[in-house]
Amino acid sequence: MTMQSSRGFHLFHFAAPNTFYPLAGRLAPWFAGLAALLAALGLWLAFFVAPTDATQGEVYRVIFIHVPAAWMSMFVYLVMAFWSGMGIIFNTRLSALMARALAPTGAMFCFVALWTGALWGRPTWGAYWVWDARLTSQLLLLFLYFGYIALTEAIEDPRRGDRAGAILALVGAVNVPIIYFSVKWWNTLHQGASVSLTKAPSMAATMLWGMLIMALAAWAYTIAVALWRVRSLILERERHTDWVSAELDRQGARP
Amino acid sequence: MNWNSWAAFWDMGGAAFYVWGSYGVTFIAIVAELLLVFRRRRDTLTRLLRLRRAQGGRPAAASPDSSD
């Protein structure tokens, strides 16, 4: 398996499972390493550089995982919906596998956002949980992830499972803007956005940097894990092909 | 530097349960996901190798979606 690097780079070249599989295997460790470096830098900023918050004290340091996890949980769902749409329109084999590979990681970040939010809410609001619009729509996102995973795993015929999952992913994507704008549309206990494109961030620069670097770490982590996971999905799906057979020979020959 | 001692660091101004409860569970979730991903890889390879050996070294039987 050699990369076609001569005479023009074709992005669609990598849309074929047999060329994407080795590419994913080569890229994943780099993204994992990048995630580890960014997380180390982000955690150092979070605990040793960012000052104590004037009103909340130290408990605000939950923000450095809470906000990146919440961003990631929404973004990953949108990417899943994107790949689902691509799969339906172009009938490409890899698209649905990408969506499937992203779902568990999105669910993990969604859970982390809810968990850290609960532990932050208790000392600041006096409650682990309230049924306000932001929290409720984020909980719905977790159930959408679970629903997607359960649906795609339950359907025996893989291509039918892909299509059913794609429809759920696309319909459920409506929930993402609802989560994001819930703090504007409804009078929520949850605070408004600390960072937005339209106004200056309402936090100290070192806090902001810590949060953004942790968000980049979450991005790199997601890419690495999704690439590793999609490799297993590709092998499963393409098991009847000669190239998987050759790959199995290589893996089976290993001590 | 925010902390005068390691004890102060671990105490997090009295918010240790909430801060370390958040970071700890996040860490566990990430480690668990990584373990599951690598176990899935190993299980997939084992299963497909066994499947192929059972069919005499040929690629696994073509499934209905093999035509595309």
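A residue is called buried here if 20 or more other C-beta atoms lie within 10 Å of its own, exposed if 12 or fewer do, and partly exposed in between. By this criterion, buried residues make up 42% of the 255 residues in chain A. In chain B, which has 68 residues, the buried share is 16%. Both values describe a predicted model.

The description may begin with chain A. This chain contains eight helices and zero strands, so that, by the way elements are assigned from DSSP runs, its order from the N terminus on reads α-α-α-α-α-α-α-α. Along the principal axes, the C-alpha atoms of chain A fill a box of roughly 65 × 40 × 35 Å. Contacts between residues at least 6 apart in the sequence of chain A join, in 77% of cases, residues at least 24 apart.

Helix 2 of chain A covers residues 63-90. Although Asn91(A) is not a glycine, its phi is positive, at about 55°. Asn91(A) has 13 other C-beta atoms within 10 Å and is therefore partly exposed.

Helix 3 of chain A comprises residues 93-125. At 1.5 Å a residue, the 33 residues of this helix should span 48 Å; the end C-alpha atoms are 47 Å apart, which agrees. After helix 3 of chain A comes Gly126(A), with a positive phi near 90°.

Chain B has two helices and zero strands. Helix 1 of chain B spans residues 6-11, and Met12(B) lies in the loop between that helix and helix 2 of chain B. Met12(B) is not a glycine, yet its phi is positive, at about 50°. Met12(B) counts as buried because it has 22 C-beta neighbours inside 10 Å.

The two chains meet in a contact that takes 39 residues from chain A and 30 residues from chain B. On the side of chain A, the elements that give two or more residues are helix 3, helix 5 (158-172), helix 7 (205-237) and helix 8 (242-253). Helix 3 of chain A gives the most, with twelve residues. Sorted by class, this side of chain A holds 19 nonpolar, ten polar and ten charged residues.

One part of the meeting between the chains involves a pair of helices. Two packed helices are described by the angle between their axes and the distance between the axes. Helix 8 of chain A packs on helix 2 of chain B (residues 16-54) at an angle of about 110°, with the axes 10 Å apart. Angles of 65 to 115 degrees count as roughly perpendicular, and helix 8 of chain A and helix 2 of chain B are therefore roughly perpendicular to each other. Helix 8 of chain A contributes Ser245(A), Leu248(A), Gln251(A) and Gly252(A) to this contact, while helix 2 of chain B contributes Leu45(B), Leu48(B), Leu49(B) and Arg52(B). By class, the contact between these helices has four nonpolar, three polar and one charged residues.

Key:
Residues numbered from 1 in each chain as written. Chains lettered and ligands numbered in written order. Predicted model: local features only at pLDDT ≥ 70, side-chain atom pairs only at ≥ 80, totals over all residues. Contact = placed C-beta atoms within 7 Å. Helix = DSSP H or I, 4+ residues; strand = E, 2+ residues; numbered from the N terminus. Nonpolar A, V, L, I, M, F, W, Y, C, P; charged D, E, K, R; others polar. Expected span 1.5 Å × (residues − 1). Axes fitted to C-alpha atoms, helices over the stretch in contact; angles between N-to-C directions. Parallel < 35°, antiparallel > 145°, perpendicular 65-115°, else oblique.
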